[in-house]
Amino acid sequence: MFTIIVLIVVAVIVLYVVGLYNVLVTARNGYKNSFAQIDVQLTRRHDLIPNLVETAKGYIAHERGTLEAVTEARTAAVNGLAAAKAAPGSPQAMQQLGGAETQLTQSLGRLFAVAEAYPDLKANQNMMQLSEELSSTENRVAFARQAYNDSVMGYNNRCQMFPSSVIANSFGFAAAEPLAMDDPAKREAPKVSFT
């Protein structure tokens, strides 16, 4: 009888540990899936930018520095996204991506500020469509980033709360890094208005 009780207690403990492990795996997969949504939106953003630059080139040719800054910032953002895709949740990758996206947002802001001075560019149908698509994508990026950060918080909470923290530490579940920008003022989507 004693042996049966011990086996039942051991079985309950093993099932509890397996359950906690599975909850941690589910949470980790959740934040990685949330990052995949950010990847989709940032890739869309990055794909729109060359068309935007090409459209603007014909109108603001003497603003070559602004156009080059946007192109360089896009390249850095694409590289940051590639690094983050390889290791979603990694502190270094998330900081690199956040910094690169901040630079891209700033350079796009400068491009749109310069474009405001060119009425023909502002009235260009292609430019208006691209700016609308970019603005819409910026909103999607913000929502995807919020979902990712919420998933990371849930995962990190599970990793840090007892008793799941014991399982997390035993099986090597590392904390994930949220995707943040350096300055809250820089988190706003660039203002795009060509009407």
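This is a predicted model: local features need pLDDT of at least 70, side-chain atom pairs count only at pLDDT 80 or more; totals for chains, interfaces and linings use all residues.
Colleague: Start with helix 2 and helix 3. At what angle do they pack, and how far apart are the axes?

Modeller: The angle is about 155°, and the axes of helix 2 and helix 3 are 8 Å apart.

Colleague: Roughly parallel or roughly antiparallel?

Modeller: Roughly antiparallel, because angles over 145 degrees count that way. Helix 2 passes helix 3 in a left-handed crossing.

Colleague: What is the class make-up of that contact?

Modeller: The contact of helix 2 with helix 3 has 17 nonpolar, 6 polar and 3 charged residues.

Colleague: Now helix 1 and helix 3. How do their axes sit?

Modeller: They come within 12 Å and cross at roughly 30°. That angle makes helix 1 roughly parallel to helix 3, the limit being under 35 degrees. The crossing is left-handed.

Colleague: Which residues make the contact?

Modeller: Helix 1 supplies Phe35, Leu42, Arg45, His46, Ile49, Leu52 and Ala56. From helix 3 come Met94, Leu97, Glu101, Leu104, Thr105, Leu108, Leu111 and Phe112.

Colleague: And how do the residues divide by class?

Modeller: There are 11 nonpolar, 2 polar and 2 charged residues in the contact of helix 1 with helix 3.

Colleague: Helix 3 also packs on helix 5. What's the geometry there?

Modeller: Helix 3 covers residues 91-115 and helix 5 covers residues 125-160. Their axes are 13 Å apart, at an angle of about 155°. Helix 3 and helix 5 are therefore roughly antiparallel, and their crossing is left-handed.

Colleague: Switching to cores. How many residues are in the largest nonpolar one, and which have the most contacts inside it?

Modeller: The largest nonpolar core has 24 residues. Phe35, Ile38, Leu97, Tyr148, Tyr155 and Phe173 have the most contacts inside it.

Colleague: Which elements give two or more residues to this core?

Modeller: Helix 1 (2-57), helix 2 (64-86), helix 3, helix 5 and helix 6 (164-170) do. Helix 1 gives the most, with 8 residues.

Colleague: What does Tyr155 touch, leaving out residues up to four places away in sequence?

Modeller: Tyr155 touches Leu24, Ala27, Arg28 and Tyr31, and also Phe173, Ala174, Ala175 and Ala176.

Colleague: Which residues does the second, separate core include?

Modeller: Leu52, Ala56, Ile60 and Leu134 are among the 22 residues of that second core. Leu52 and Ala56 are also in the contact of helix 1 with helix 3, and Leu134 is in the contact of helix 3 with helix 5.

Colleague: On to the prolines. Where is Pro91?

Modeller: Pro91 is in helix 3. Its relative accessible area is 35%, so Pro91 is partly exposed, between the 20% and 50% limits.

Colleague: How far is Pro91 from Val18?

Modeller: Their C-alpha atoms are separated by 28 Å, and the two residues are 73 apart along the chain.

Colleague: And Pro163, where is that found?

Modeller: In the loop between helix 5 and helix 6.

Colleague: Is the peptide bond from Phe162 to Pro163 cis or trans?

Modeller: Cis, with omega near 5°. Most peptide bonds are trans.

Technical notes:
Residues are numbered from 1 along each chain as its sequence is written. Side-chain values use heavy atoms; hydrogens and water are left out. Axes are lines fitted to C-alpha atoms, for helices over the stretch in contact, and angles run from 0 to 180 degrees between N-to-C directions. Helices (H or I, at least four residues) and strands (E, at least two) are DSSP runs, numbered from the N terminus. Angles under 35 degrees count as roughly parallel, over 145 as roughly antiparallel, 65 to 115 as roughly perpendicular and the rest as oblique. A crossing is left-handed if the near helix is turned anticlockwise from the far one by less than a right angle, and right-handed if clockwise. Contact means heavy atoms within 4.5 Å. A nonpolar core is a set of buried Ala, Val, Leu, Ile, Met, Phe, Trp, Tyr and Cys residues joined through side-chain atoms within 4.5 Å. Buried means under 20% relative accessible area, exposed over 50%, partly exposed in between (1.4 Å probe, protein chains only). Ala, Val, Leu, Ile, Met, Phe, Trp, Tyr, Cys and Pro count as nonpolar, Asp, Glu, Lys and Arg as charged, and the others, Gly among them, as polar.
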